[in-house]
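Work through the exercises below with the sequence and the model at hand. Each task is followed by its solution.

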Amino acid sequence: MKKLSIILGIVMATAISGCTEADFSENYANPSKVSTATVEKQFAGMLVANKDYVLPAYWNYFSST
């Protein structure tokens, strides 16, 4: 019973001290509302959008057994 109360106390303390939605909104901006762009951000976006052309994923291949 004592272990259960200790575990419950730890879980409650973790839940209370967790992140809030404001923490996420400050660090992760909505991409559709961003009005400024830099060359670095545009280049990174181009690399992510075209990564399957350069480095094909495994699930894009057919395999016969």
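**Exercise 1.** What span should the 15 residues of helix α1 (residues 2-16) have at 1.5 Å a residue, and how far apart are its end C-alpha atoms?

Solution. The model is a predicted one. The expected span is 1.5 Å times one less than the number of residues. For the 15 residues of α1 this gives 21 Å. The end C-alpha atoms of α1 are 21 Å apart, so the two values agree.

**Exercise 2.** Decide where helix α1 lies by counting its buried residues.

Solution. A residue is buried when its relative accessible area is under 20%.

**Exercise 3.** Is leucine 8 buried or exposed?

Solution. Leucine 8 sits in helix α1. Exposed means over 50% relative accessible area. Leucine 8 has 52% relative accessibility, so it counts as exposed. Leu8 also belongs to a nonpolar surface patch with Met12 and Ile16, and together they have about 340 Å² of accessible area.

**Exercise 4.** Describe the chain as a whole, then its confidence.

Solution. The chain has 4 helices and 0 strands, in the order α-α-α-α from the N terminus. Of its 65 residues, 2% are buried. The mean pLDDT is 78, and 89% of the residues score at least 70. Confidence is lowest in helix α2 (residues 21-27), with a mean of 72, and highest in helix α3 (residues 39-49), at 87.

Conventions: Residues numbered from 1 in each chain as written. Predicted model: local features only at pLDDT ≥ 70, side-chain atom pairs only at ≥ 80, totals over all residues. Heavy atoms only, no water. Helix = DSSP H or I, 4+ residues; strand = E, 2+ residues; numbered from the N terminus. Buried < 20%, exposed > 50% of the residue type's maximum accessible area, 1.4 Å probe, protein only. Patch = residues over 30% accessible without salt bridge, like charges linked within 9 Å, V, L, I, M, F, W, Y side chains within 5 Å. Areas by Shrake-Rupley, 256 points an atom, 1.4 Å probe, with all protein chains shown as cover. Salt bridge = Lys/Arg side-chain N within 4 Å of Asp/Glu carboxyl O. pLDDT = per-residue confidence, 0-100.
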